[in-house]
Amino acid sequence: MLLPYLTAMVNTSQREGRLPSSHKHAVVTSLLKKTGLDQDELKNNRPVSNLTFVSKLAERMVSSRLVSHFNAHGLMPQLQSAYRRHHSTETTLLKVLADIYSAIDRQQVTLLGLLNLSAAFDCVDHDILLRRLRHTLGICGTAL
């Protein structure tokens, strides 16, 4: 009996491009980044936001629809592992290792560079992101 109401709420939210203010509140807790660090130091903690069920449901629906759009229009990069079914860090690792072993077999020089992108989204230029979403991925209107 709850499903029709949740469906209507999520669909209305997506149609209007906004969440009701009652679903924009989160309970924020602090988690220690690594065991043994001083929990009184702010830099050693990371905030975790627990959102309402309906806002998480709306988020999941947006994600599902975006991935469907990307797949339907061939916009998902072939080697993309995040946000893809049956892809994970393990499949990425297997691909990287296969490429390394293949290069070694061909007696090619192999170099592996690793980057820590733990706060990557904090560095995103949102104007560039919006432009790419519009022009490269075809997302426009309320969805954008």
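How many salt bridges does the structure hold? In this predicted model, the structure holds three salt bridges.

Helix α1 covers residues 3-16. Its 14 residues should span 20 Å at 1.5 Å a residue, and because the C-alpha atoms at its ends are 20 Å apart, expectation and model agree. Four residues of α1 are buried, namely Leu-6, Val-10, Ser-13 and Gln-14. Viewed down the axis of α1, these buried residues fall within an arc of 95°, so they line one face of the helix. Pro-4, Tyr-5 and Arg-15, on the other side of α1, are exposed. The cover over the buried residues of α1 includes helix α2, which comprises residues 53-72. After α1 comes Gly-17, with a positive phi near 75°.

Helix α2 can be read in a similar manner. With 20 residues at 1.5 Å a residue, α2 should span 28 Å; its end C-alpha atoms lie 28 Å apart, and the two values therefore agree. Val-54, Ser-55, Ala-58, Val-67 and Phe-70 are the buried residues of α2. Just after α2, Gly-74 adopts a positive phi of about 65°.

Setting aside residues up to four places away in sequence, Phe-70 touches Leu-75, Met-76, Leu-137 and Ile-139.

The salt bridges may now be taken in turn. In one of them, the side chains of Arg-18 and Glu-16 meet, with a distance of 3.4 Å from N to O. Arg-18 has a relative accessibility of 48% and therefore counts as partly exposed. Glu-16, at 44% relative accessibility, likewise counts as partly exposed.

Another salt bridge joins the side chains of Glu-59 and Lys-56 at 3.3 Å, N to O. Both residues lie in helix α2, three residues apart, which is about one turn of the helix. An α-helix has 3.6 residues a turn, so residues three or four places apart point the same way. Glu-59 is partly exposed, its relative accessible area being 44%, and Lys-56 is partly exposed with 40%.

The remaining salt bridge is formed by Asp-99 and Lys-95, whose closest N and O atoms are 2.8 Å apart. Because Asp-99 and Lys-95 are four residues apart in helix α3 (residues 89-105), about one helical turn separates them. Asp-99 is partly exposed, with a relative accessible area of 38%; Lys-95 is also partly exposed, with 36%.

Attention now turns to two asparagines. Asn-44 is located in the loop between strands β1 (27-32) and β2 (45-50). Its relative accessibility is 12%, so Asn-44 counts as buried. From there, the side chain of Asn-44 reaches the backbone oxygen of Asp-38 at 3.0 Å. Apart from its neighbours within four places in sequence, Asn-44 is in contact with Leu-31, Leu-32, Lys-33, Leu-37 and Asp-38.

Asn-45 is found in strand β2. It is buried as well, at 14% relative accessibility. A polar atom of the side chain of Asn-45 lies 2.9 Å from the backbone oxygen of Gln-39. If residues up to four places away in sequence are not counted, Asn-45 touches Ser-30, Leu-31, Leu-32, Lys-33 and Gln-39.

With a relative accessible area of 36%, Leu-130 is partly exposed. The C-alpha atom of Leu-130 is separated by 7.3 Å from that of Leu-144, a residue 14 residues apart from Leu-130 along the chain.

Notes
Residues numbered from 1 in each chain as written. Predicted model: local features only at pLDDT ≥ 70, side-chain atom pairs only at ≥ 80, totals over all residues. Heavy atoms only, no water. Expected span 1.5 Å × (residues − 1). Buried < 20%, exposed > 50% of the residue type's maximum accessible area, 1.4 Å probe, protein only. Arc of directions from axis to C-beta. Contact = heavy atoms within 4.5 Å. Polar contact = N/O pair within 3.5 Å; in protein donor to acceptor, adjacent residues only side chain to side chain. Salt bridge = Lys/Arg side-chain N within 4 Å of Asp/Glu carboxyl O.
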